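Please look over the model shown here, together with its sequence, before reading the notes below.

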Amino acid sequence: MRVGIVPHYTSLSRHFGTSKQMENLISSIRKPNLLQLNTAPTEDFFGRFLDRYPDISELKKLHSKILVYEHLRTNPSLGVKLMRAYAAHGEPSITRQIFDEIRDKNVVFFNVMIRSYVNNNLHQDALLLYISMLVHGVEPDNYTIPCILKACSGSENLRVGWQIHASIVKLGLDSNLFVGNGLVFLYGKCNYLVDARRVLDRMHHRDVVSWNSVVAGYAQNGRFDEALEVCKEMELQGVKPDAGTMASLLPAVTHTSSANVSFVAEMFNQMPKKGLVSWNVMIAIYVNNSMPVEAVELFCQMEANGVEPDAVTIASILPACGDLSALMQGRKIHEYVVQKRLCPNLFLENALVDMYAKCGCLQDARQAFDGMQRRDVASWTSMISAYGMNGQGLHALALFSKMQDSGLVPDPIAFVSVLSACSHSGLLDKGRYYFKLMTDQYRMVPRIEHYACMVDLLGRAGHVDEAYSFIKQMPTEPNERVWGALLSACRVYSNMTIGLVAADHLFQLVPEQAGYYVLLSNIYAKAGRWNDVTTVRSLMKSRGIKKLPGCSNVELDDQVHTFLAGDFSHPQSKEIYAELDVLLGKMKEAGYVPETDSALHDVEEEDKEGHLIVHSEKLAIVFAIINTKLGTPIRITKNLRVCADCHIAAKLLSEISERDIIVRDTNRFHHFQSGICSCGDYW
DNA sequence: ATAGGGTTAG
């Protein structure tokens with residue numbers, strides 16, 4: 001997997017001309033001589049600048065110059081352009097000031113003002129202005145209606161929507177394509193899909209947007225299969241899907257079947273002119289379907305095709321880097337963000353924090369976080385869970401308090417991050433306190449995730465009985481996560497009775513999940529009940545359940561290397577095993593005794609030690625030791641929980657080879673340093 | 001002088 005960024009892009013942004021042209025324009029505005037002309041500047045002169053989307057400070061300067069000249073101040077064309085420019089900068093109140101100063105307002109001014117509100121999500125203001133427009137006797141036209149329909153769909157206000165629908169007929173605008181599309185979208189958005197479909201079927205002309213609006217309607221309302229069906233139907237009608245179709249489909253292709261992903265991938269491949277949005281959506285689809293490798297590959301293809309990534313692309317691809325712990329790739333993208341000045345951008349900065357956190361780089365995550373001008377609850381939550389996953393529970397809690405001090409109100413996900421931070425650090429009382437805070441003070445109804453955190457917290461701290469009682473008094477049906485947390489606790493504290501209850505539920509909920517059979521068998525093994533171990537093993541065999549192979553990733557020079565247990569497929573295998581042997585000798589000198597309880601007892605006793613020693617994380621660590629300079633931290637990502645033996649081994653290896661080893665397993669991070677793990681052996 | 005749908009984070 002090769003990953004790189006195409007280094008040179010020439011245009012500033014799709015809105016602007018070339019950067020050279022921009023510079024010329026800006027400097028010509030700045031030069032005083034132009035504005036000290038003997039003759040007054042013309043409407044055309046300023047109009048041209050306004051058409052170039054000046055940045056906000058240039059716009060304000062320009063505006064103040066315009067106000068100097070009586071003939072320009074009252075010029076309707078410049079008024080509209082100024083309004084449009086301020087609205088584009090998210091300044092609807094300035095737009096409104098300009099609007100209010102215009103004396104003879106015709107329909108165009110109302111249209112522009114309504115659109116400014118709608119584009120800044122002020123749907124209520126848009127509707128109010130629409131009413132005042134009617135009061136002033138200004139008749140809405142084919143520009144007004146699509147916009148006001150958007151205000152209705154944006155606020156899901158079907159009551160007004162129906163009234164608008166009635167006026168459309170009276171105004172004779174019902175055959176207008178834009179109006180029809182607006183109606184289809186409105187009904188779809190409000191989950192009135194039959195009505196959406198009826199409007200579509202009655203339209204005189206339909207275009208791709210009409211169809212996309214129906215697709216969006218189904219997709220937004222969870223009717224995913226129907227959304228895909230509509231795509232097929234439109235293709236049969238000879239309408240080619242476009243980027244909008246893909247974007248509308250996105251909700252329908254999240255955590256979905258690989259068949260659905262392939263369907264959209266095919267649609268994407270067939271698209272003759274793929275725009276930026278198409279690439280962005282296809283990347284997002286891969287990311288949302290746990291296909292990070294495909295996402296990164298597509299991202300590279302996108303660059304190879306000369307399509308310049310924007311902030312949305314970056315915010316979509318960064319989670320994939322985090323998933324893969326592809327730190328080098330993540331850093332490159334960060335450099336690109338800096339180079340392209342894509343910040344400040346909340347989405348993007350939050351994604352950066354999270355990427356670094358998922359790659360185990362707490363300091364980089366913190367640096368990105370500290371560098372943000374604005375932060376929302378998601379920003380804080382990313383950082384809190386970063387500390388939590390790294391076993392720095394008190395830091396996580398301190399950050400939570402700071403977030404509250406900053407005036408932000410925690411939401412349910414913020415509480416998940418806090419509770420799980422408590423659980424990872426064994427902060428039992430704190431966890432209880434925050435659960436109470438959430439329910440009593442913030443009046444939140446706990447979600448299943450919160451219950452799972454609490455069960456985990458209690459169970460890890462050894463309060464297995466209480467954890468079980470907690471489950472029994474839950475108002476909702478416990479899920480896999482909840483029972484799984486309990487079973488893990490039962491294994492740690494050798495609680496056979498409750499362990500059997502938990503396992504029983506898990507075997508019914510997710511009979512194909514090998515991990516829970518392994519946990520149960522470990523409980524039996526620890527109690528020396530070998531007959532029961534055999535029973536579990538044969539149960540797995542009869543149900544055809546195979547243990548998910550453990551697999552570890554390590555990134556080296558832009559490339560992610562993957563190891564399975566006992567893997568010989570890597571080109572450097574010989575070297576790796578030889579070095580492993582040398583290190584094993586040193587480990588034994590340091591007192592290493594294989595922790596054979598961690599082995600699934602599906603192998604003969606004498607083989608257990610041999611199986612443990614070739615666990616994937618050990619191979620990955622040795623590979624990294626061979627291929628990187630002394631002092632380079634080693635980062636491993638594993639698809640399962642790290643086993644007790646590998647945990648001991650990694651501690652010793654960090655000491656013997658004088659390396660920081662950072663392992664991300666499915667649950668948390670382990671930072672091994674000088675023979676000690678950050679988890680304090682509590683995991 | 002103005003227009004519709006769709007993409008981004010915990």
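This is a predicted model: local features need pLDDT of at least 70, side-chain atom pairs count only at pLDDT 80 or more; totals for chains, interfaces and linings use all residues.

Residues are numbered from 1 along each chain as its sequence is written, chains are lettered from A and ligands numbered from 1 in the order in which they are written, and side-chain values use heavy atoms, with hydrogens and water left out.

**Chain A as a whole**

- The secondary structure of chain A amounts to 37 helices and six strands, where helices (H or I, at least four residues) and strands (E, at least two) are DSSP runs numbered from the N terminus.
- Taken along the principal axes, the C-alpha atoms of chain A fill a box of roughly 95 × 55 × 55 Å.
- Of the 683 residues in chain A, 49% are buried; buried means under 20% relative accessible area, exposed over 50%, and partly exposed in between, using a 1.4 Å probe and protein chains only.
- Among the contacts in chain A with a separation of 6 or more, 64% are between residues 24 or more positions apart, a contact being heavy atoms within 4.5 Å.

**Nonpolar cores**

- The largest nonpolar core holds 181 residues, of which Leu 249 and Leu 486 touch the most other members; such a core is a set of buried Ala, Val, Leu, Ile, Met, Phe, Trp, Tyr and Cys residues joined through side-chain atoms within 4.5 Å.
- Not counting residues up to four places away in sequence, Leu 486 touches Val 455, Val 464, Ala 467, Tyr 468, Ile 471, Ile 498 and Ala 502.
- A second, separate core has 30 residues, including Tyr 592, Ile 625, Leu 652 and Cys 679.

**Helix α13**

- Helix α13 spans residues 193-202, and its residues Leu 193, Ala 196, Arg 197, Val 199 and Leu 200 are buried.
- Seen down the axis of α13, these buried residues fall within an arc of 160°, so they line one face of the helix; the arc is that of the directions from the helix axis to the C-beta atoms.
- An α-helix has 3.6 residues a turn, so residues three or four places apart point the same way.
- The buried residues of α13 pack against α11 (158-171), α12 (177-189), α14 (208-220) and α15 (224-236), while the face turned away from the buried side carries the exposed residues Val 194 and Arg 202.

- Thr 637 is found in strand β3, residues 634-638, and is buried, with a relative accessible area of 6%.
- The side chains of Thr 637 and Ser 325 are joined by a polar contact of 2.6 Å, meaning a pair of N or O atoms within 3.5 Å; within protein, one must be able to donate a hydrogen and the other to accept it, and residues adjacent in sequence count only if both atoms are side-chain atoms.
- Gln 301 lies in helix α19, residues 292-304, and is partly exposed, with a relative accessible area of 42%.

**DNA strand B**

- DNA strand B is surrounded by 44 residues, the closest being Arg 115, Lys 150, Asn 181, Phe 185 and Asn 212; a residue is near the strand if one of its heavy atoms lies within 4 Å of it.
- By class, the surface near DNA strand B has 22 nonpolar, 14 polar and eight charged residues.
- An N or O atom in the side chain of Lys 150 is 3.3 Å from a phosphate oxygen of DNA strand B.
- A polar side-chain atom of Asn 280 lies 3.1 Å from a base oxygen of DNA strand B, and one of Asp 376 lies 2.8 Å from a base nitrogen of DNA strand B.

Methods: Ala, Val, Leu, Ile, Met, Phe, Trp, Tyr, Cys and Pro count as nonpolar, Asp, Glu, Lys and Arg as charged, and the others, Gly among them, as polar.
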